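Subject: A structure for you to explore

Hi there,

Here is the structure I promised to pass on. Have a look around first, and then read my notes below.

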Amino acid sequence: MERHRNDIFAPIDVDHVLERIAGGNETDVYRSDDHRFVVKLKGELGSRNVASMLADARRMQRTAGRFAACLGPRHAIPTSFVLSRDSAGFVHALAIQPYLADARVLASIDWRSMDAVQRRRIGRDLRHIIAQAVSCLFRTGHLPDLYGRVSASAAERQRRKQLRYLPERIWSFLVKRTILHSQNLMLTAEQPPRLVLIDYDEVRQSPLYRAIYFLTRLMLFGRDLIVIWWRLERR
């Protein structure tokens, strides 16, 4: 794992150095030295305007609370936000969550190594989470991202936004990334284990983009219910 030094980590780390443990479509994820927390940073959303970032942080806090309430305490974790200034002078909203020791993202699980009882339990939880996400969309107009993407660095994220990667991204979105390949749902090491959503970001694009995205996701949920039955619940 890479270690990164930045003044932005001052609220949670004395020497301002944290270990990067993951990355998503917009976010880099770091772990605190005591392994108690993860810190999520959207590096491209910084601003020199403190008032603007405070408004953003409050909106993100409301969104996280909304999604956590939709999924319920069994499938959600707390998320807090703090404003911090990076080494270049830009203010960011850091998201801070508990670190889930020994938890695994669904995309990393070998389903063949799991017994039928465990698979069926996870299948029931996934169907419940999908139903709650759909209910959230129709009640609030917002949909939590149950899928997610992985990135090795900010440079890789920028590179994959190039037009030549568009066919690959569309193919991944529509075909490869089923709910069982989720990067945003983790299976905890508790007994019995539970599924938790770790990403509480809202879709920031235009209303038209969101309408198309949400409609597509609803159709893909139908596909994923079949995948869940076939891979996890079929006897």
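Before we start, one term: two residues are in contact when they have heavy atoms within 4.5 Å of each other. Please also keep in mind that this is a predicted model.

Let's begin with Arg36, which sits in the loop between strand E3 (28–31) and strand E4 (37–41). Leaving aside neighbours within four places in sequence, Arg36 is in contact with Gln97, Pro98 and Tyr99. Is Arg36 buried or exposed? Its relative accessibility is 52%, and exposed means over 50%, so Arg36 counts as exposed.

Next, the inside. The largest nonpolar core has 42 residues, and Trp111, Ile122, Leu126, Leu146, Ile179 and Leu185 touch the most other members. Which elements each supply at least two residues of this core? They are helix H1 (50–71), helix H2 (116–140), strand E8 (185–187), strand E9 (195–197) and helix H5 (207–233). Another core lies apart from it and has 7 residues, among them Phe9, Leu18, Val39 and Leu41. If you click on Trp111, you will find that it touches Leu106, Arg119, Ile122, Leu180, Arg231 and Leu232, not counting residues up to four places away in sequence.

Now for the helix pairs. Two packed helices are described by the angle between their axes and the distance between the axes.

Take H2 and H5: their axes are 9 Å apart and the angle is about 165°. Angles over 145 degrees count as roughly antiparallel, and H2 and H5 are therefore roughly antiparallel to each other. Their crossing is left-handed. Residues of H2 that meet H5 include Ile122, Leu126, Ile130 and Leu137, while the H5 side includes Phe214, Leu218, Phe221 and Leu225. Sorted by class, this contact has 13 nonpolar, 1 polar and 7 charged residues.

H1 and H2 make a second pair, with axes that come within 8 Å and cross at roughly 130°. That angle makes H1 oblique to H2, and the crossing is right-handed. On H1, the contact is made by Arg66, Phe67, Cys70 and Leu71, and on H2 by His128, Ile129, Gln132, Cys136, Arg139 and Thr140. By class, that comes to 5 nonpolar, 3 polar and 2 charged residues.

Enjoy exploring!

Best wishes

Technical notes: Residues are numbered from 1 along each chain as its sequence is written. This is a predicted model: local features need pLDDT of at least 70, side-chain atom pairs count only at pLDDT 80 or more; totals for chains, interfaces and linings use all residues. Side-chain values use heavy atoms; hydrogens and water are left out. A nonpolar core is a set of buried Ala, Val, Leu, Ile, Met, Phe, Trp, Tyr and Cys residues joined through side-chain atoms within 4.5 Å. Buried means under 20% relative accessible area, exposed over 50%, partly exposed in between (1.4 Å probe, protein chains only). Helices (H or I, at least four residues) and strands (E, at least two) are DSSP runs, numbered from the N terminus. Axes are lines fitted to C-alpha atoms, for helices over the stretch in contact, and angles run from 0 to 180 degrees between N-to-C directions. Angles under 35 degrees count as roughly parallel, over 145 as roughly antiparallel, 65 to 115 as roughly perpendicular and the rest as oblique. A crossing is left-handed if the near helix is turned anticlockwise from the far one by less than a right angle, and right-handed if clockwise. Ala, Val, Leu, Ile, Met, Phe, Trp, Tyr, Cys and Pro count as nonpolar, Asp, Glu, Lys and Arg as charged, and the others, Gly among them, as polar.
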